[in-house]
2 protein chains.
Amino acid sequence: MSPSPNASAAVVAEGHSKLITLLSDAIGATYVVTDPAAMMGRLAEDRGLYTGTAIALLRPASTDEVATCARLCAAAGVAIVPQGGNTGLVGGGVANGGVILATDRLNRVRDVDPTNATMTVEAGCILANIQQAADAVDALFPLSLASEGSCQIGGNLATNAGGTAVLRYGNMRELVLGLEVVLPDGRVLNDLNLLRKNNTGYDLRNLFIGAEGTLGIITAAVLKLFPKPVTRATAFVACDGPDSALALYTRMRAQNADTLSTFEYVERMALQMVLDHAHGCTDPMDAVHPAYCLIELTSANAQDTLDARMEAVLEAAFETGEVRDAVIGASESQKDALWALREHLSESQKPEGASIKHDVSVPVSRVADFITTAKAACLAHMPDMRPCPFGHFGDGNLHFNLSRPKNMDDTTFLAEYPAFNRIVHDIVHEMHGAISAEHGIGQVKRAELRRYKDPVALELMQQLKSAIDPANIMNPGKVL
Amino acid sequence: MSPSPNASAAVVAEGHSKLITLLSDAIGATYVVTDPAAMMGRLAEDRGLYTGTAIALLRPASTDEVATCARLCAAAGVAIVPQGGNTGLVGGGVANGGVILATDRLNRVRDVDPTNATMTVEAGCILANIQQAADAVDALFPLSLASEGSCQIGGNLATNAGGTAVLRYGNMRELVLGLEVVLPDGRVLNDLNLLRKNNTGYDLRNLFIGAEGTLGIITAAVLKLFPKPVTRATAFVACDGPDSALALYTRMRAQNADTLSTFEYVERMALQMVLDHAHGCTDPMDAVHPAYCLIELTSANAQDTLDARMEAVLEAAFETGEVRDAVIGASESQKDALWALREHLSESQKPEGASIKHDVSVPVSRVADFITTAKAACLAHMPDMRPCPFGHFGDGNLHFNLSRPKNMDDTTFLAEYPAFNRIVHDIVHEMHGAISAEHGIGQVKRAELRRYKDPVALELMQQLKSAIDPANIMNPGKVL
């Protein structure tokens, strides 16, 4: 005879209570938060797509304490949701029961080695602080994204973060040499590799990078540093649309690959929202144009004449009609002003009402085709919808955002989310693209992943998950 | 009652005979080679450390045929050793029974997309042919190593090959976007990702890259292409030894990181062997110096004045004493002649008698310290031994080769292999280095791996192996 539901709930509650006591003994009662009000900021993301529940919020201060937490939770069969700065967008850090393990107290820079061009940091270090620590030794840590003032490197690692420097330096994955990871059973993997070349067995670090906390808890990482750029040329360029932008990108890459760091794209509709809503942003050109590119060249060599290089390519592109007009920032403040047009894109869409967002990528050779095709298909579905495609054109990664028609209410528009998803993702898939370029899968895109991913890849992912986390302790209900 | 050994052997032989028939039906009898004489070239590596045995050599022509071979072998419980150009150095491709699956007939370039800067190739493509296919679209595929005329990209992938372009472009792992892999049970994983940004689930490709064929058979890959350098500056620089070389490397990287492609190191002893034995190689300097660096800057921008950049850094380094003398190649043929001094290093050690080799890496900040410490320790063990350290200094990767004393026979010297291994590897380990930088583990370094690798990393590797290849069909006895 099985126990009644109430008796069973009581047993569970007693187990949780015992676990809380053990966790408090291990890391200190102050750092085992069970008051729901005190946990509030940890139970949902900013976008508010999901609100979670948790038995407790754990704030361990060392790798050993993380390992102890993992061991105790595993023994109690209680799930762990690792959480960094909680700046995610896909519900990956939202708990559905279990404990939240926050990494904010794992915040030491353990080592900086300028000659080896590496920095060893703990997972809870805030990205902006890491950038500053690199800068202090005259080096660059290139990862840069909107939330850098609050996101933590552990979250950047778990989600394989992208951002605005991928074209030159790669994704988070490409910026890591080694990891320290607490496995679901509490063992500590020391793979803090400092080496550029190391062929001693399977690559383990890449398994955890981008796994969104479903395979273990990243507690520290060895990051790559780069020579600090000392000069840059920044251009804001008007063009006819995506085809011209692609031609210009190809030309710019062929001539300036060594220094090309940024190639972003934005259409007029999205730029107009910035001009209308972002404080202090003005159109750098007199005429109105269909689309724009923000292009930046950077170099660690002070003698490089990047403005001249930029001008040479843009002049040639002007001759062919790829470029309609261009502004090259003449001072640092002018360059910053051009960047501000890009940086305010996301927030400037908010005052215009609800937005249906897609973080997608296609091969760079298809990116113009994708914009044209997907815009046409979405407009066919809803002619008054306002497409605001923008993003990392040179990476083939677009934030294909759709703002609601001016005269439609948010709820009616958002009811079309699944329909627009299907339209956009089908086109992405047909073009060998990805339904998540830099935000991850989390909870939001689980069903979409099952629809589009190679079935053998899905099976293999599940085999790996079962091998490393057979009890499904780590961030259950995410990704897979 | 168990069958007698003879009866058991007969059962096995009958099973093998059935398997051969099934394989012949599947891929054609011509491509199932069982004649030991015809297999001879496939049973050992050039260095001849191990000689293997095999039931058959399979030469499938397509991914589907590879999958069928895998399914049939798995059903028969027969091991598969994947083999590319058979240019490995650590016994990773030598079979101990089972079948050898050669990839030479999987040799199509499936697709080249210059705008996306990718090329999709099959595993059996020879590296030099891939370089040429990239060149044909005015692009660079940067992987470059001594065996490029015969090694296959599948082998480069399985061993995460290094070579002379790692400083600028990374290892093989960094040059890959996607893979197609036949799993041990015959399923085909299609992860032929063409995208720069793709966060749709676990990273699977890196699991197979560098796994030395123990997890599956790589049948195709998406490779990254780069803008083709159109100008280069090449310098051969004399210095006092490793400390000066490290100071010069740091200076060169700070000034020329965007363009620094090569920073190789060689001591006089090793250079002297090149001058003595390599046809046409002459000392570019009048005086004899303790050590040398080969440095190259490259750029895709024709206007870059790389010689001037190189001179500026070398002049500053001359002032501080880091540089004793320097030759900058004035013509392409002079540059090639400077490269020849580097390229003939390995073969020029052969006429000097037996050599004990170590392919090791340490953090770049420790590389000078490593050379000094390891040389001293090895000379303490055998004062007449002739140390010939050379290699990829800027990657922290040295080929720490030891030539036998002039008056010792090879056998006596080679008996010291384990002793020298212990001396060198202990120092490497103490400096957080790797006992295999670019050659892999294979059979040669299995025991050493167990000695030095993090025990949890070893456990995790075994968990992954068991999850993906529970019957241990794929290249058994290698790595783990």
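**Sheets and interface of chains A and B**

In chain A, five strands make up an open sheet in the order S5-S6-S10-S8-S9, with antiparallel pairing (helices, H or I of at least four residues, and strands, E of at least two, are DSSP runs numbered from the N terminus; two strands pair if DSSP finds at least two bridges between them). The model is a predicted one, in which local features need pLDDT of at least 70 and side-chain atom pairs count only at pLDDT 80 or more, whereas totals for chains, interfaces and linings use all residues. Residues are numbered from 1 along each chain as its sequence is written, chains are lettered from A and ligands numbered from 1 in the order in which they are written, and side-chain values use heavy atoms, with hydrogens and water left out.

Four bridges join S5(A) to S6 (residues 118–122) of chain A in the antiparallel sense, and A:Val112 is placed opposite A:Met119 of S6(A).

Chain B likewise contains an open sheet of five strands, ordered S5-S6-S10-S8-S9 and paired antiparallel. Strand S8 (residues 176–182) and S9 of chain B are paired in the antiparallel sense over four bridges, with B:Val188 in S9(B) as the bridge partner of B:Val182. Helix H3 (residues 63–76) of chain B lies across S5, S8, S9 and S10 (217–224) of chain B, at about 50° to S8(B) (axes are lines fitted to C-alpha atoms, for helices over the stretch in contact, and angles run from 0 to 180 degrees between N-to-C directions).

The contact between the chains (heavy atoms within 4.5 Å) draws 88 residues from chain A and 88 residues from chain B. The buried area, that is, the accessible area (1.4 Å probe) lost on putting the two parts together, summed over both, is about 7000 Å², and carbon and sulfur atoms give 53% of this area. A:Lys197, A:Asn199 and A:Tyr202 supply 15% of the area that chain A buries against chain B, more than any other three residues.

Twelve salt bridges (a side-chain nitrogen of Lys or Arg within 4 Å of a carboxyl oxygen of Asp or Glu) are found across the interface, including one between B:Arg309 and A:Asp304, whose closest N and O atoms are 2.5 Å apart.
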